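Here are a few friendly notes to read with the model open beside you. Take them one point at a time and look for each place as you go.

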Amino acid sequence: MYAVNYHRAKSVADAAKLGKGDAKYLSGGMTLIPAMKTRLAAPSDLVDLTHIKDLKGITVSGKTVTIGAGTTHYEVATDAKLAKACPAIVYLAGLIGDPAVRHRGTIGGSIANNDPAADYPAAMLALGATITTNKRSLPADKFFKGLFETALKDGEIVTSVSFTVPAKAGYAKFPNPASRYAMTGVFVTKGKDGVRAAVTGAGDDGVFRSKEIEAALSKKFEASALEGVKVPSGSLMEDMHASSDYRAALILAMAKRAVAQANA
Amino acid sequence: MSEISMTVNGRKVQGTVEDRTLLVHFLRENLGLTGTHVGCDTSQCGACLVHVDGKAMKSCTLLAVQVSGSEIMTIEGLANGADLHPVQAAFREHHGLQCGFCTPGMIMSAIDMINRHPEGLDEATVRAELEGNICRCTGYHNIVKAVLAASKEMAKSTKGKGRAKAA
């Protein structure tokens, strides 16, 4: 790791001030620290957000869920109120990394990083979540912008995410056998605005909504509605782990499992 | 450089470290606590597992300065003199180790797992929860046996003495 200057932010305003130039924001660090160790990332400064109390916590108020950006995967995976309101996101959080990683990694860090194989971006997109930063609120559809790219500008910090609990939600993930990142993960929801299906781990430009899956499930929200649906493989990732055709098949298979879970 | 201070195994410690110093290196090189190992160095193997404020975390993926002010527990802090912690005792009894390299991380992981499952553990849960700990001797059978035995033993002593979470 190259030399770096560490700053511990006391508040979001403090963090915004400190995040200048080549500085990077540090939350759980479960991606950033390994990237710095391998010198893939070399920020001049790190601004630690994990000691800001305002960024932590989960609130469930009626059908509205708000999760502070600094909330860890472990906290999401074990929150009793959230488990009642939206078990799919609790289940998803419990699939990320391993127990020690979940103690540290945060939802804000995950979506700000927007790894193309991360789990949370699919949930945010399928839930039609609102991403709130220290400057604005924007829908998930406008937040994720491709591989490791988001709409965040310099000095902008994700402070929370919120969503309306849909009538039905489910997630299924096919983990890479070595890394356990999603080789394909599909999050489906059925809410008052219809069906949404978001895919992670498979798109060559990061998380995306599958029109084909959504169209089929809009007719009937059952796994059987997906029989014979063709998912195009043209814009899917192809690497040593899986061909794009295989990923297309996985999208369909995971979508079926996610729907079955949502209906269970 | 930063001045850092933390409590390690109940002892207040401080030091001056480069900001890029990993917690595992601070423990091993500054404090001489070499029981915490660096295995893969890529956050996967869990040999570097320690408890930070009561939760298992990978000390190779944390900067020492990030956890300044925290309470750290390492493998060296578990035994009470010659009395092994119940999980250490179970690993010895059930031969939950071969070369021993992964053992400190396995034990710290097991204690965290047992603490998080006061309702008790079954084999499938133990295997799933050990996701982040790799034993390259592949000695998992006896590790799982040891964790299950320790979990039962710790449940007994919790009932008996009403004692708080071990470690």
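How do the residues of the lining of the largest cavity divide into nonpolar, polar and charged? Keep that question in mind; the answer comes in point 2. Please remember throughout that this is a predicted model.

1. Let's start with empty space. Rolling a probe the size of a water molecule over the atoms shows where such space is left. In this structure there are 3 cavities of 30 Å³ or more, and the largest cavity holds about 50 Å³.

2. Now for the opening question. The lining of the largest cavity is made of 4 nonpolar, 3 polar and 5 charged residues. Both chains take part: among the lining residues are Asp98(A), Pro99(A) and Ala100(A), along with Lys58(B), Asp112(B) and Arg116(B). Looking at elements, α6 of chain A and both β4 (55-58) and α3 (103-116) of chain B each supply at least two residues. The biggest contribution is from α3(B), which gives 3 residues.

3. Lys58(B) and Asp98(A), both in the lining of the largest cavity, form a salt bridge with each other, and their closest N and O atoms are 2.5 Å apart. Across the interface of chain B and chain A, 3 salt bridges are found.

4. Next, step back to the whole interface. The size of an interface is often given as the accessible area lost when the parts come together. Here chain B and chain A bury about 2100 Å² between them, with 58% of it on carbon and sulfur atoms. Three residues stand out on one side: Arg20(B), Gln66(B) and Glu131(B) supply 28% of the area that chain B buries against chain A, more than any other three residues. In terms of contacts, 24 residues of chain B meet 28 residues of chain A.

5. Which residues are closest to the centre of the second largest pocket? This pocket contains about 500 Å³ of space. Of its 20 lining residues, Gly94(A), Leu95(A), Arg102(A), Ala128(B) and Glu129(B) are the closest to the centre.

6. Look inside chain B now. Its two parts are domain 1 (2-77) and domain 2 (86-161), and their C-alpha centres lie 21 Å apart. Between these domains, 17 residues of domain 1 are in contact with 13 residues of domain 2. The area they bury is about 1100 Å², of which carbon and sulfur atoms give 63%. On the domain 1 side, Leu49(B), His51(B) and Ile75(B) lose the most area to domain 2, together 41% of what that side buries. The count of salt bridges between the two domains of chain B is 0.

7. Salt bridges between the two domains of chain A number 0.

Key: Residues are numbered from 1 along each chain as its sequence is written. Chains are lettered from A and ligands numbered from 1 in the order in which they are written. This is a predicted model: local features need pLDDT of at least 70, side-chain atom pairs count only at pLDDT 80 or more; totals for chains, interfaces and linings use all residues. Side-chain values use heavy atoms; hydrogens and water are left out. On a 1 Å grid over the protein atoms alone, a cavity is a set of points where a 1.4 Å probe fits but cannot get out, and a pocket is an open set with protein on both sides within 12 Å along at least five of seven lines; lining residues have an atom within 4 Å of a point. Grid points are joined across faces, edges and corners, and a volume is the space filled by probe spheres set on the points. A salt bridge is a side-chain nitrogen of Lys or Arg within 4 Å of a carboxyl oxygen of Asp or Glu. Contact means heavy atoms within 4.5 Å. Buried area is the accessible area (1.4 Å probe) that two parts lose on being put together, summed over both. Helices (H or I, at least four residues) and strands (E, at least two) are DSSP runs, numbered from the N terminus. Ala, Val, Leu, Ile, Met, Phe, Trp, Tyr, Cys and Pro count as nonpolar, Asp, Glu, Lys and Arg as charged, and the others, Gly among them, as polar. Domain bounds come from an automatic or database domain assignment.
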